[in-house]
Amino acid sequence: MKHQRIIFVTLAFVALALFPLVAGKYGIDLITKIMIFAVFALSLELLVGGTGLVCFGQAAFLGIGAYAAVRLSPQDGSASLLWLLPACMLAAALYALLVGVLSLRTSGVYFIMVTLAFAQMAYYVAHDTPLGGGTDGIYMTAKPVLGAVLDLDQPLVLYGFTLACLLGTFAFLALLLRSRFGRALAGIRVNEQRMRATGFSTFNYKLAAFVISGGIAGLAGFLFAVKDGYVNPELISWHVSGNVLIMIILGGIGHLRGAIVGAFAFALLQELFKSEAVFGDFAKHWQLGLGITIIASVALLPRGLVGVPQQLAQRLLGRAGAQDGAVAGEVDDE
Amino acid sequence: MSEAEVLLRGLEITRRWGGLIALNKVSLALERRSVHAVIGPNGAGKSTLINILSGEIDPSGGKIELMGQDVTAWAQPRRARAGLGRSYQRNTIYPSFSVFENCRLAAQMRVPRPWMFWQDAQRCSVSGLAAREAAARAGLAGMLERTAGLLSHGQKRQLEIAMCLATNPAVLLLDEPLAGMGAEETERMLALLAELKAEHAILLVEHDMDAVFRIADRITVMVNGAVIASGTPDFVRGNAAVRTAYLGEAGDEH
């Protein structure tokens, strides 16, 4: 199982690295966008799958990263990636710190609502104040560069940079989740009461996870702003928080690769249902098609897309095998 | 023997839930190398007492001292780090983790180092060693790779104790460790408790009277949130108030 996972992830990244050789302008742009979504989904997976915190306001951190990228860029020339990127992540992480301090005292449905409320506050700040530039959004006059080495205005350079960010985020979170910190988060997810009785100050652990997650979402926001050269309040809307939740559910909660698979599946399904070439007039109602597909896949694939191989194996091996598989699956998770 | 070393002391602990008094000025002292049993009918406040001593809930009044230090205002994790371990009446384990990981995670408290994110927790030698040791002491040496949720009830109770031991506590608060155990498992657990007594101060809340009178050095009897008697097993056995209120007028058990 473990080897198969490593092979799958390696092949996926190799495929992404080779993709520009065969893709046109549209393809590059689409996959760049999806990879940014994947970074964003990974940030939420740390909270939902890693810690058991269902955050419904992740868009706030994405939006703050994106707005920071535009707002902090100088009007007369390009900013250096070296300071702009960390600054955007820091801005998002700081807001996550504030939201975390106040929201992590609640749990369950209250936590979901409080995180949503904080995201809506950020939305209205972007929407209704001069700081955010209102509904029309604001433009980035020049995209950030890294000396003469990297010019993110070039689609291919941005593609490569985004891929590197995705790989870096994935590797960082994979390390984090198997470390003592990650194991403590897993313990909090499974049984927070016992963690406290054992001596872990669980609030601090959850807050640290929240801040890291916010910082990574800020990275995704930065990439969005750079890719589009433009930000508007829709980036912070609750639909975005909802979509990223659907991505990780679709891919399979509890697995980092699930966040990436889910981001790709969601975005590609969206493209498919929006395509007039495939669906003709029905393409106007793409949300209906997408919604039905998502409901069907959640009903049929309780472990998400990454659980499909296991589910198939169980189907083939019959009931006895299925029971063993379920047990192995649980252990495998940890 | 010189004067006994008191590791945990509760002084006039009171807990009110609205108008109801769950605990009324309960005082007790846990000494090293002794098992202090707390008995009483359901609703006497035994679990509430453990919850307050361990810091899971706050007392409405009174004071708690851990090794001479006032810890009344300390949050539960801090008390745990200072050497206060507890087990739960209802199994409170990590069911989806292996037995080893259940113990290792508890032992990780000794070397938290959360910022060292590049280190693999599974290779943490300190917590790994402590986990194996704790599991072995609790009689789970051969089951390290089993999924905790699939253990038998008795094994889960043993795991509760193992997780408690993995943190290397000085004081053990055990909430009905024998509940639902078969005769053989009970014997094994009692042998373990007798062994643990050598280094720890143990508070034992238990309904199994035979076990309590066999292993306890002191017994405190609670009824309706108040202590009605406290002393050696012989003293408690002969106490008239206890016989009336708890053991039954006929004294048919002893």
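A nonpolar core is a set of buried Ala, Val, Leu, Ile, Met, Phe, Trp, Tyr and Cys residues joined through C-beta atoms within 7 Å; a residue is buried if 20 or more other C-beta atoms, placed from the backbone, lie within 10 Å of its own. The views show a predicted model, in which local features need pLDDT of at least 70 and side-chain atom pairs count only at pLDDT 80 or more, while totals for chains, interfaces and linings use all residues. Residues are numbered from 1 along each chain as its sequence is written, and chains are lettered from A and ligands numbered from 1 in the order in which they are written.

**View 1. The largest nonpolar core.** This core has 168 residues, of which A:Ala38, A:Val39, A:Ala41, A:Leu42, A:Ala263 and B:Ala162 touch the most other members. At least three residues come from each of domain 1 (1-83 + 170-254) and domain 2 (92-168) of chain B. Beyond its neighbours within four places in sequence, A:Val39 has contacts that include A:Cys165, A:Ile216 and A:Leu223 (a contact requires C-beta atoms, placed from the backbone, within 7 Å).

**View 2. The interface of chains A and B.** Contacts involve 27 residues of chain A and 30 residues of chain B. On the chain A side, α6 (155-178), α7 (180-198), α8 (202-228) and α13 (308-333) each supply at least two residues (helices are DSSP runs of H or I, at least four residues, and strands are runs of E, at least two, numbered from the N terminus). The largest share, 13 residues, belongs to α7(A). This side of chain A comprises eleven nonpolar, eight polar and eight charged residues (Ala, Val, Leu, Ile, Met, Phe, Trp, Tyr, Cys and Pro count as nonpolar, Asp, Glu, Lys and Arg as charged, and the others, Gly among them, as polar).

**View 3. The two domains of chain B.** Chain B is divided into domain 1 (1-83 + 170-254) and domain 2 (92-168), with bounds from an automatic or database domain assignment. Their centres, taken over C-alpha atoms, are separated by 26 Å. Ten residues of domain 1 and eleven residues of domain 2 make the contact.

**View 4. The open sheet of chain B.** Six strands with mixed pairing follow the order β6-β7-β8-β3-β9-β10 (strands pair if DSSP finds at least two bridges between them). The edge strands β6 (84-86) and β10 (226-231) each have a single partner, so one side of each is left without a neighbour in the sheet. Strands β3 (residues 34-39) and β9 (residues 218-223) run parallel, joined by four bridges. B:Ile39 stands opposite B:Val221 in β9(B).

How values were computed: Contact = placed C-beta atoms within 7 Å. Buried ≥ 20, exposed ≤ 12 C-beta atoms within 10 Å, placed from the backbone.
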